[in-house]
Amino acid sequence: MNLVRAELERLSARRFVQLMVVLLALAFAVTAATTLAGSHRPSEAELSSARTQAAEALQGMEATHQQCLARQNSMTPPGETDDFYATDCSEFDPIRQDRLPIAADYLPGVFSFEQQARPLLYFLIAFLVLFGFLVGASYIGADLNSGGVVNLLLWRPRRLTVLGTKLGTLLGTVLALAVGASLVYLATFWVIGQTAGLGGRPGDDFWRSLGAIHGRGLVLVLLATALGFAIATLGRHTSAALGAAAAYTVVWELGARLVLEIVDARRPDRLMLSSHIAAWLNGKVRFWDNQLCTSSSGTDPCSGFYSLTWGPSLVVLLVITGGLTVAAFAVFRRRDLL
Amino acid sequence: MSAVIEIEGLRKTFRSVRHGKRVAVDGFDLLVEAGQIHGFLGPNGSGKTTTLRALLGLVRADGGRMTVLGEPSPELLPRVAGRVGAIVESPQFFGNFTGRRTLRLLARAGGVSISRVDEALELVGLRDRGDDRVKGYSLGMKQRLAVASALLKDPRLLILDEPANGLDPAGIREMRDLMRSLAAAGVTVLVSSHILGEIQLICDHVTIISRGRRVAAGRVDEVLAGHDRHEFLVRVAEPERAVDLLHEAELTAAVEGTALVVSGVTDPTVISRVLGEQGLWVGELTPLRPDLESVFLELTGAGEHPSVPRQVDDSALPAGADDAAVIDLDVRGVDA
């Protein structure tokens, strides 16, 4: 417990951590201020017009779906697709859409919490992921490089305990900060929506969905934190983690993706970490691959889409992070500390 | 007396892709008994810091046996860590922390009473600067803080690697007095230093390491006595004639500057008698006792060619050692 308290003090005293917290507060303040400045409470006339436009948009979607079905059932010859209508009319079915037009879509200059909460939360999660990765890497990297770990080991000559306490304290602190920041962040925008935007109370489905994204986002923040910590431990320096992240992005996400496209590899997106992060956060992501349709016959409908779902993606993320963390502890246990 | 530190046959080889295999410590032995102030000497890259790091569990030894306060190290080092204060090379501290906060943090991590912080600051002379930020400290003040961190635990064994680094003459003297007072209070001190005059003044025992192997060990006066050539500095009016007379009396003598150095003499009155009988009156007759520096330079080969820049791997090996098997290094520059 003493070691945890000491680590907490060291972590909170780090200039880099303080700087990142200030940046987080700054980003939060700027976003909230610009939202507040750019939003107003809609008038009855604006609301009425927006409801009408949303209803018309919905009717338009239904009409398109019906036209597609009619053409598919009676007029389109076998093996031939219309330029406008897809082979699968369900793409136009309003019931199968992720979301339907609502009045808020037609209220420019009016902040809607229900509509904007997701992108706002994604932005916060992205910042917290960056925060966790950088703080995780610099926390252990600077300590290894400056001799702080050696100093500590002279007092507590138990390597795994010292490193484990550092990681545990780091994860606990980042989690507490992420939970606190995200709750304050969402509450602030909720208040802005109620007082200077489109009011109203979202339903249970909205809160359930937002809560799921929030929970997944927090898991992602913790994984990024552990990843930064593990790579910096393996490389003995903060820059090892930053270099590894930059190298991965350039070499794999950009370079390898290009090569895979050139050689017409099947489903290249499933090999990318970014795809699994998106799948984990959203629950599911769809990718299009032309190669999927090359083997299908002309009569079979082939959309060329494939999906990644959160379950397998979480396994991928856990295996990578867990593997690197275990490797970091194994290496640190035997390493000569010079 | 009971052994506080025992090292037998310690071996450590660093391997790296770039630098290949480098033997840092090669069968080194060390014995420090309770109550000693034990000097640990060696040229740069001779393996001193590697030995101390291995003893404290920071470097994995390839072979040998080590015990600290009777417990095998590093396996059972945690059992006695609370009674061992140590600084290895120059420890780094958070620049933004004050000296007092730095010590409080370490005390908390080690389960030591916070009241020890002020005592330790007082002991190293930082009482009035304890609330300054460490980044404003001079090198000597940082070194004092490092020693304070080692003293926090109220240790029974104190291991100090180059504690005089960066200290001014007054600071060196204070450090010497501190070590003496600690030893008087029953603390065993192992101190490595390049300031040989200080070691000779402070330490009662010494171990000298060269290229990873022990080349001398024992009481300081015994080590010095073992290298006493029984030499005397003699000043006379006619040095060349005096040399001839001493040679006729079967004594070894040579002119050095304006004086003579006569060696192998156990009774100095012989010199006075031989020269006086021939009318040469001795103006000065001074015994040339070896000091730790001359013994160190002789044992480590560091002073053999003063006009040629010496490389860190040029140190001497103990008699009978296989030169090809040992390549010394400065471990700080090597990937482990």
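These legends go with close-up views of a predicted model.

**View 1. Where chain A meets chain B.** Putting the two chains together buries about 2,900 Å², and carbon and sulfur atoms give 58% of that area. On chain A, the residues that lose the most area to chain B are L154(A), W155(A) and L338(A), which together make up 29% of what that side buries. Chain A brings 28 residues to the contact, and chain B brings 37.

**View 2. Polar links across the interface.** Between chain A and chain B there are 10 residue pairs in polar contact. Helix 1 (2–13), helix 4 (113–146), helix 5 (148–155) and helix 10 (310–334) of chain A each give two or more residues to the side that touches chain B. Helix 1 of chain A has the largest share, with seven residues. Sorted by class, that side of chain A has 11 nonpolar, three polar and 14 charged residues. Three salt bridges cross between the chains. For a close look, pick D336(A) and K12(B): they form a salt bridge, and their closest N and O atoms are 2.8 Å apart.

**View 3. Two salt bridges in chain B.** D131(B) and R100(B) form a salt bridge through their side chains, at 2.6 Å from N to O. This pair ties together distant parts of the chain, 31 residues apart: D131(B) lies in the loop between helix 4 (115–123) and helix 5 (139–151) of chain B, while R100(B) belongs to helix 3 (residues 99–110) of chain B. D131(B) has a relative accessible area of 54%, so it counts as exposed. In the other pair, R273(B) and E277(B) meet at 3.8 Å, N to O. R273(B) is partly exposed at 46% relative accessibility, whereas E277(B), at 55%, is exposed.

**View 4. A charged network in chain A.** E7(A), R10(A), D143(A) and K166(A) are joined in a network of salt bridges. Over all chains, the count of salt bridges comes to 26.

View 5. The unreviewed UniProt entry lists several transmembrane regions in chain A, including residues 213–234 and 241–260. Residues 213–234 of chain A are 100% helix, with end C-alpha atoms 31 Å apart. Residues 241–260 of chain A are also 100% helix, and their end C-alpha atoms are 26 Å apart.

Key
Residues are numbered from 1 along each chain as its sequence is written. Chains are lettered from A and ligands numbered from 1 in the order in which they are written. This is a predicted model: local features need pLDDT of at least 70, side-chain atom pairs count only at pLDDT 80 or more; totals for chains, interfaces and linings use all residues. Side-chain values use heavy atoms; hydrogens and water are left out. UniProt positions are given in the numbering used here, feature names are shortened, and annotations may be inferred rather than shown by experiment. Helices (H or I, at least four residues) and strands (E, at least two) are DSSP runs, numbered from the N terminus. A salt bridge is a side-chain nitrogen of Lys or Arg within 4 Å of a carboxyl oxygen of Asp or Glu. Buried means under 20% relative accessible area, exposed over 50%, partly exposed in between (1.4 Å probe, protein chains only). Contact means heavy atoms within 4.5 Å. Buried area is the accessible area (1.4 Å probe) that two parts lose on being put together, summed over both. A polar contact is a pair of N or O atoms within 3.5 Å; within protein, one must be able to donate a hydrogen and the other to accept it, and residues adjacent in sequence count only if both atoms are side-chain atoms. Ala, Val, Leu, Ile, Met, Phe, Trp, Tyr, Cys and Pro count as nonpolar, Asp, Glu, Lys and Arg as charged, and the others, Gly among them, as polar.
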